[in-house]
Amino acid sequence: MSLLVSYLEHAVAVFPSLLRGAVITVEVTTFSIFFGLILGTIAAFGKLSKRNVFKLPSIVYIDFIRGTPLFVQILLFYYGIPGLVTAATGEVFRIDPIIAGIVVCSINSGAYNAEIVRAGIKSVDRGQMEAARSLGMTDRQAMKDVIMPQAVKLIIPPLGNEFIALLKDSSLLAIISVHELSKNGMLYVSKTFAAFPTYISVALVYLALTMGISRILAYVERRLGVSDRSE
Amino acid sequence: MIEVNNLHKHFGKLEVLKGISEKVDEREVVCVIGPSGSGKSTFLRCLNLLETPTAGEIRIEGELVTDPRVDINKIREEVGMVFQRFNLFPHMTALKNVALAPMRVRGLSEKEAYDRAHDLLKKVGLEDKADVYPSSLSGGQQQRVAIARALAMRPKIMLFDEPTSALDPEMVGEVLNVMKDLAKEGMTMIVVTHEMGFAREVGDRVLFMDEGVIVEKGTPDEIFFNAQNERTKSFLSKIL
């Protein structure tokens, strides 16, 4: 009984700090979703392009990011790049951890988004493009009016999963002392050694956040009529 | 109107068209028959450059469309195409399906395009389906919308790629009737079809293709009832 009371006390004590961390987590995730979407869309069209100047960089980007751990990417960007700049120029160069976190998460998420967007575009029936082109529409017009509106409905659900993964993966930014949700939990544990109540609280706050995203996505899917896909 | 000279098409090592030469005059209706894999669809798709010919020449109204410098979109504006699987845009109403290309490609105002689309839907007997999405239409209705969509560009030539093959039998007639009306109005048409009734009623000529070449050609009656070539006879005996 006294154990439960002490756990509850810890959970209450750590909560304000977890909330502050959650704000940072949501901030980093929101910016990363935004930039990751832009990057992903560009890379998707790059990889779909017939021209190697667009295609090859996109493939290298997507394969490199998807083939290496986010954790290593964070270390490489936050410690590796400033180290490289310092070595090359002799000037001390630092990156703000939150900015670094947003940059790395955007780049990382962009590579996964690119494959989702590309797959969505590819899975629109070939006959759709042919019909549009046979009417004299340009590639661009066909993409905008015919292919993308259909692809978006295919893209939204997997993209939602990607956003949720991104929110959870942002916990790795604790390693570069971004004071997000997990980091604040770790700090509290290092002072109190109350690991169980703290980390269960951290987990529950993540759960609340991911459920929030799920709700938003379900709403967007309903609005776009993803379920009543007609063929 | 259309002049094809020694047209070849390869897909990798596979040679699908092995030298097709043919002329289609204005207002002529030409039906193309042949077994699957004979290259008849590929031939049709080469005419509006959905497939790029490997070799040979295609002239439409004297213009060499196989010239790489030619603006493919300009050619396609004049050559309408109807597909076996309709390929209607599922996220647009029947009306919008018909009106889209005239707005985007011909630069018609929304009102002009929708007026034209209404007229065309009426022509194919579907004026009451203007606001319906393709998923709620029967196959025959979808194909009639697809014909209206192609006509909305006011093409000079219409290509039909097995337009009734994906339809339930009871819907074939409604689509063929629309095509017959079109033929009677003087549209130049090339139709890949096995509908003998259609070919005899409105077809001026029939081409029989097999293994990438035109094996035999003639009037519908000549081909269907008095074929000279053994391959033609053997094919017809299977489908008639």
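## Elements of chain A

In this predicted model, the elements of chain A, read from the N terminus, follow the order α-α-α-α-α-α-α-α. That amounts to eight helices and zero strands, where helices (H or I, at least four residues) and strands (E, at least two) are DSSP runs numbered from the N terminus.

## Dimensions, burial and surface of chain A

Along the principal axes, a box of roughly 75 × 55 × 20 Å holds the C-alpha atoms of chain A. Of the 231 residues in chain A, 44% are buried (under 20% relative accessible area, with exposed over 50% and partly exposed in between; 1.4 Å probe, protein chains only). Among contacts in chain A (heavy atoms within 4.5 Å) with a separation of 6 or more, 75% link residues 24 or more positions apart.

## Helix α9 of chain B

In chain B, helix α9 (residues 230–239) has the buried residues B:Thr232, B:Phe235 and B:Leu236. Because they cover an arc of only 95 degrees around the axis, they lie on the same side of α9(B); the arc is that of the directions from the helix axis to the C-beta atoms. B:Glu230, B:Ser237 and B:Lys238 are exposed on the other side of α9(B).

The buried residues of α9(B) pack against β3 (29–33), β9 (205–210), β10 (213–218) and α8 (220–225) of chain B. At the start of α9(B), the backbone nitrogen of B:Arg231 has a side-chain oxygen of B:Asn229 within 2.7 Å.

## Conventions

Residues are numbered from 1 along each chain as its sequence is written, and chains are lettered from A and ligands numbered from 1 in the order in which they are written. Local features need pLDDT of at least 70 and side-chain atom pairs count only at pLDDT 80 or more, while totals for chains, interfaces and linings use all residues; side-chain values use heavy atoms, leaving out hydrogens and water.

Definitions and conventions: A polar contact is a pair of N or O atoms within 3.5 Å; within protein, one must be able to donate a hydrogen and the other to accept it, and residues adjacent in sequence count only if both atoms are side-chain atoms.
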